[in-house]
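Please have the sequence and the structure in view while reading.

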Amino acid sequence: MDDIANYRVTIVESNIHELNLKSGSYGSVSSELRRRGFEILFESRTNVLSPFQSELFKKMVARAPKAIAPLLDPIILAFAIHDASDLSGLDYVWLDLEGDEDIASSAWVRRENQEEVIAIAFRLLERNLEKYILDAYDRRTRDDLVSVWEAQLNINGCPVCGMNSLKREPLQLGQKRLRGWVCTNCGHRVMVQTDVLDYLVSKD
């Protein structure tokens, strides 16, 4: 978390009405949350993930249902964990962060409740992956990915590990061929999200 400790906390969401967290740096708010018994469940940002964030993401994907694991990315997963935290009825704190022309988010849950929140997140993704893709990627972003693919370009910089090691590699799921790139360093896939949406619709 060190590299975003100075990010500014812009929004605090929680089901604990008496929390009264003071706005300030992410580092100071995190220290207060730890003092109150919370631990980070997931942390993400729009720029390349930090090593800590990358490790959290990889652990989540490794536990995800096999049918959806190749289709997940940090933004999609963050949206699902946000909803799962809220729907669980368990104590949680969600932070929106800004800094260095970057936007980030962080979910905090007590250790004994984290498994239940993760299970809810995966159920939401299994049932509503299309919704979370639409939440995470607007029409322009999805169209841009199609344009990059059709121009036969590689994307520079893996969003998970930061290495310039993405190569074009479609993903075959049943009869569907989904366009995308795979990182030869960490294995993360960047998908053309319109293809994923078409695939999900074809399964209905």
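## The largest pocket

Three elements, helix H3 (74-88), helix H5 (139-150) and strand E9 (189-191), each supply at least two residues of the lining of the largest pocket. Helices (H or I, at least four residues) and strands (E, at least two) are DSSP runs, numbered from the N terminus. H5 gives the most, with four residues.

The model is predicted: local features need pLDDT of at least 70, side-chain atom pairs count only at pLDDT 80 or more, and totals for chains, interfaces and linings use all residues. Residues are numbered from 1 along each chain as its sequence is written, and side-chain values use heavy atoms, with hydrogens and water left out.

The volume of the largest pocket is about 500 Å³. Its lining has 26 residues, of which Thr 46, Ile 75, Tyr 137, Pro 159 and Val 190 are the closest to the centre. A pocket is an open set of points on a 1 Å grid over the protein atoms alone, where a 1.4 Å probe fits, with protein on both sides within 12 Å along at least five of seven lines; lining residues have an atom within 4 Å of a point. By class, the lining of this pocket has 15 nonpolar, seven polar and four charged residues.

## The second largest pocket

The second largest pocket has a volume of about 380 Å³. Phe 79, Asp 96, Ile 103, Ala 104 and Ser 105 are the closest to its centre among 17 lining residues.

H3 provides the largest share of this lining, five residues. Strands E1 (8-14), E2 (39-45), E3 (92-99) and E4 (102-109) each supply at least two.

Terms used
Points joined across faces, edges and corners; volume = space filled by probe spheres on them. Nonpolar A, V, L, I, M, F, W, Y, C, P; charged D, E, K, R; others polar.
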